[in-house]
Amino acid sequence: MRSAYPPGPRWPAAVQSVLFQRHRAWLLPAMARRYGDVFALRVPPYADNLVVFSRPEHIKEIFAADPADLHAGEGNQVLGPVMGEHSLLLVDEDEHARARRLLMPAFNGASLRGYRDLVSDLAKAEVDRWITNTEVITLDRMNALTLDVIMRVVFGVTDQHTRDQLTPRLHKMVDISPIVLIGWVVPSLNRYGPWKRFGDNQTEIDNLLYAEIAERRRAVDLEERSDVLSRLLQVGGDTGDAPLTDAELRDQLVTLLLAGHETTAAALSWTLYELARHPELQHEGYTAARDGDDKFLEALLKESMRLHPVIASTARKLTREQEIGGWKLPAGTVVNTSILLAHQRSDNYPDTWTYRPSRFLDNEVEPNTWLPFGGGVRRCIGAGFSLMEGTVVLREVLTRYRLALPAGSEAERGRVRNITNVPRRRARIVVTAR
Ligand code: HEM
């Protein structure tokens, strides 16, 4: 075991923090070149001591570790003000195991098959509205579509009114500016300007959710409903679990609504952008969509998430001193598995910067190198859902339209919006009817 702490820059913590928040696509590769595979940063308030890993054997060690030693919930505390203290993302150990057990059935294979037609109908309705030979801002359209989808998964097919009220407020909530983030660290700001507006919006969302929960508690047909809220309201009775409180329900609903739409929308808009750039792959995609070959459509999505990781990393906070990757790390260290660096390693991915979906069809991708959904007991519960949703949406788009980049448009680069990596210019493409 090495006794020393991993190396890292000696710049002031504030400088490291700003670079980590705003310029991580530059910072992380630069630090990896300078310090090697494992390096340390200081990025308060997110983490005073952050150690970044990307080698497959280190990733495996972290994801397979005992969740009592590596707390993901504590590592995700930055999401607390929005998601709430009971959120699946924020709890650890027994509370996490319980929440996961209760939420998981809504996202298993059988449930996913049940959502397919819903996604397909909503995707059809969306692309029906596109006008041939015009520019579509795919990030915006995919955000609207995936929010519509996840709201129906969470609340069911009724409640149009609640959905109409929630939609603009949730869009506002995820458009968190760095200024608003400061208010999370300095609560006294929350009485003023943008911080107050953010808080007011959140209160409105909470009121809508609590009203919906109260109304649904009175519903007599809960057992016939398959939406997440109705499922969660049936917990208790003969299931052996204590029923969920209103506050717990609110936190899980907000978590699913937020974690479950922006991410998939980002992955889809990056994919549509890559297809507009690569006509030959687009043609293959069209053939696959026409013939019902989901594997190829899935490979398109997977390679987009590889090349443009939607979430840059996962976090685990050490509850005790521990050795990881041969380094001895003190309790309190936040261990960062860098999705961004793992996906850019040339030993993991030859032709690193080439968009080549076939790597996912030819069994080239080694375990612990493709990490868009994190891993271990904390692996994203929506992973299967988002791949299903993505393939269904791609099929609807590709069978209807040819995609091209607008004349003279520049290459897209990433921008961190909230915590997701989205195309900076929102992936505008020109659609032409087939
Ligand atoms: C392309 C789409 C998506 C991406 C890239 C993504 C990414 C991630 C990542 C990186 C994590 C952290 C995993 C870890 O710490 O190891 C995560 C967790 C989570 N995701 Fe997703 N996600 C996506 C879609 C979804 C969807 C559709 C839902 C809900 C329907 C969802 C709900 C969650 C939840 C609840 C967690 C917390 C899991 C836990 O801590 O046990 N995500 N996701």
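**Figure 1. Helices and strands around the ligand in the predicted model.** At least two residues of the shell around the ligand come from each of α6 (93-103), α13 (246-259), α14 (262-277), β5 (313-318) and α18 (383-400). Helices (H or I, at least four residues) and strands (E, at least two) are DSSP runs, numbered from the N terminus. This is a predicted model, in which local features need pLDDT of at least 70 and side-chain atom pairs count only at pLDDT 80 or more, whereas totals for chains, interfaces and linings use all residues. Residues are numbered from 1 along each chain as its sequence is written, and side-chain values use heavy atoms, with hydrogens and water left out.

**Figure 2. Residues and polar contacts at the ligand.** The ligand is surrounded by 26 residues, of which H96, R100, R316, R378 and C380 are the closest; a residue is near a molecule or strand if one of its heavy atoms lies within 4 Å of it. The shell comprises 13 nonpolar, 10 polar and three charged residues, where Ala, Val, Leu, Ile, Met, Phe, Trp, Tyr, Cys and Pro count as nonpolar, Asp, Glu, Lys and Arg as charged, and the others, Gly among them, as polar. An oxygen atom of the ligand lies 2.7 Å from a polar side-chain atom of H96. A polar backbone atom of G375 is 3.0 Å from an oxygen atom of the ligand, and a backbone N or O atom of A259 is 3.5 Å from a nitrogen atom of the ligand.

**Figure 3. The salt-bridge network that includes R55 and E57.** Salt bridges (a side-chain nitrogen of Lys or Arg within 4 Å of a carboxyl oxygen of Asp or Glu) number 35 in the model. One network of them links D37, R55, E57, R345 and D347. Between E57 and R55, the closest N and O atoms are 2.6 Å apart. E57 counts as partly exposed because its relative accessibility is 40%, and R55 does so at 27%; buried means under 20% relative accessible area, exposed over 50%, and partly exposed in between (1.4 Å probe, protein chains only).

Figure 4. D148 and R152 form a salt bridge with an N to O distance of 3.7 Å. Both residues belong to helix α8 (residues 138-155), where D148 and R152 are four residues apart, about one turn of the helix. D148 is partly exposed, at 25% relative accessibility. D221 pairs with R225 in a salt bridge whose closest N and O atoms are 3.1 Å apart. D221 is partly exposed, with a relative accessible area of 26%.

Note on methods:
Polar contact = N/O pair within 3.5 Å; in protein donor to acceptor, adjacent residues only side chain to side chain.
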